[in-house]
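The sequence and coordinates are shown first.

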Amino acid sequence: MRELSIKDLLDLVVAEVPDAATRIQKMFEWHFERVKVISQWILGATASLFIYILVAFFKADLELEAWQIILIVLFALCTSTYGIYLLWQLRSLNRQFIAALKLFYEFKKIRPFLIRYREEIK
Amino acid sequence: MPLAVITSSVSIAAGVFSVIATLLSLILGYLSQRDKLQETQKQQFHTVLESDDLIYVGNYLDLVIGNFNIYEYATDSKVSETVDTYLEKLRLFVGTDAEVEQQIREIGTPPKIEVSPEHPAGIDSVLKEIASGEIWNALARLRRHIEITLRELAKAKGIFLERPSSAGYLLNMLLQREVIPKDAFSNLKYAITICNKAIHGFEVNMGEAKEATFHADVGLRRLKERPT
């Protein structure tokens, strides 16, 4: 999750947000759902286009030039690759979630130092 | 051209734009990650942790290490190695709540000492810093001063240190090897514990900070006066 920086975790520790670990989990769940829905839309759109072209092709009522068909198929392939890439990205989300929790608990061990530092720079 | 094909083409074109945007963001992400790694290398951690300046140590965590995002940390081994190494060193430098609380319980009442009217330059500058209200940094400086003295003593005694050791570790090791007398050990142990307490971020008042500095002064004098 590119939106969540290590500094954000430091801020969470310093602010002593109640139930912070659950909030981090919620953030990852939202992110997971969002990416999943986008990739489903993209894959669904490209699949329906492929089906449309195939059906039209076999019914022999496709009124497109060969280059137009190739272009559409290429675009559809490109877009479906993006959808698959998004799904593939989801695979590392569990690892990112565990990494975020690990860092959060590491920072909690030095919380008084972090608070003192933030007070000093104010 | 049928409407379905036009609609699909438009949605595919939108998809292609998003692919281009993703590729651009990947390239920019890679470049920014490279810049952040270069920044960490520019300011090496050992220089940061040996600076005596706790604001500098905190700044490095906040502005250099804090810049990495979780995706970079979880997926790039160079980033995770850099962050983990710094955090491990920082944790040793600052100590955890449990470690510092245990040290405070162990020291109990400080041994009685006679405060000398004059102090060497290192101690004098710490006392001046405490008087100006900079207790946090002053005690970090004091701990560093003790650590350097103990390291030099170990070196003079031909004791080889495999890795950079903390002031507390050096003190215990030198006592076990009978390099330092017990009274100097007690004074320095008290001073180091109060320094650790302050560096960790726990409250240390001016009186406590001055007392720790006096103990450090007495302990270091006793080291100098010990029979060789």
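## Basis of the values

The model is predicted, and local features need pLDDT of at least 70, side-chain atom pairs count only at pLDDT 80 or more, and totals for chains, interfaces and linings use all residues. Residues are numbered from 1 along each chain as its sequence is written, chains are lettered from A and ligands numbered from 1 in the order in which they are written, and side-chain values use heavy atoms, with hydrogens and water left out.

## Overall make-up of chain B

Chain B contains eleven helices and zero strands, where helices (H or I, at least four residues) and strands (E, at least two) are DSSP runs numbered from the N terminus. Along the sequence, the order of elements is α-α-α-α-α-α-α-α-α-α-α.

Of the 228 residues in chain B, 46% are buried; buried denotes under 20% relative accessible area, exposed over 50%, and partly exposed the range in between, with a 1.4 Å probe and protein chains only. Contact requires heavy atoms within 4.5 Å. Among the contacts in chain B that link residues at least 6 apart in sequence, 68% connect residues at least 24 apart.

## Helix packing

In chain B, helix α7 (residues 121-131) packs with helix α11 (residues 206-225) at an angle of about 180 degrees, and their axes are 10 Å apart. Axes are lines fitted to C-alpha atoms, for helices over the stretch in contact, and angles run from 0 to 180 degrees between N-to-C directions. Angles under 35 degrees count as roughly parallel, over 145 as roughly antiparallel, 65 to 115 as roughly perpendicular, and the rest as oblique. The helices α7(B) and α11(B) are therefore roughly antiparallel to each other. From α7(B), I123(B), V126(B), L127(B), I130(B) and A131(B) meet M206(B), A209(B), K210(B), T213(B), F214(B), A216(B), D217(B) and L220(B) of α11(B). By class, the residues of this contact comprise ten nonpolar, one polar and two charged. Here Ala, Val, Leu, Ile, Met, Phe, Trp, Tyr, Cys and Pro count as nonpolar, Asp, Glu, Lys and Arg as charged, and the others, Gly among them, as polar.

In chain A, α1(A) and helix α5 (residues 111-121) pack at about 95 degrees with axes 9 Å apart, and α1(A) and α5(A) are therefore roughly perpendicular to each other. L10(A), D11(A), V13(A) and V14(A) of α1(A) meet R111(A), L114(A), I115(A) and R118(A) of α5(A). The contact of α1(A) with α5(A) has five nonpolar, no polar and three charged residues.

## Aromatic pairs

Over all chains, five aromatic pairs are found. Rings of Phe, Tyr and Trp (its six-membered ring) pair if their centres lie within 6.5 Å, with planes under 30 degrees apart counted as stacked, over 60 as edge-to-face and the rest as tilted. F28(A) and F97(A) form an edge-to-face pair, at 5.5 Å centre to centre and 65 degrees between the planes. F28(A) belongs to helix α2 (residues 20-58) of chain A and F97(A) to helix α4 (residues 93-109) of chain A, so the pair ties together parts 69 residues apart in sequence. Both F28(A) and F97(A) are buried.

The ring centres of F104(A) and Y105(A) are 5.3 Å apart and their planes lie at 80 degrees, so this pair is also edge-to-face. F104(A) is buried at 5% relative accessibility, whereas Y105(A) is partly exposed at 42%.

## Cysteines

The whole structure has zero disulfides over all chains, a disulfide being a pair of cysteine sulfur atoms within 2.5 Å. C78(A) is partly exposed, at 32% relative accessibility, while C195(B) is buried, at 0%.

## Individual residues

L9(A) is located in helix α1 (residues 6-15) of chain A and is buried, with a relative accessible area of 0%. Leaving aside neighbours within four places in sequence, L9(A) contacts L4(A), I24(A), A100(A), L103(A), F104(A), F107(A) and I70(B). The C-alpha atoms of L9(A) and T46(A) are separated by 38 Å, and these residues are 37 residues apart along the chain.

T79(A) lies in helix α3 (residues 66-91) of chain A and is buried at 4% relative accessibility. The C-alpha atoms of T79(A) and L43(A), 36 residues apart along the chain, are 7.7 Å from each other. In chain B, E147(B) is part of helix α8 (residues 135-156) and is buried, with a relative accessible area of 12%. Not counting residues up to four places away in sequence, E147(B) touches S165(B), S166(B), A167(B) and L170(B).
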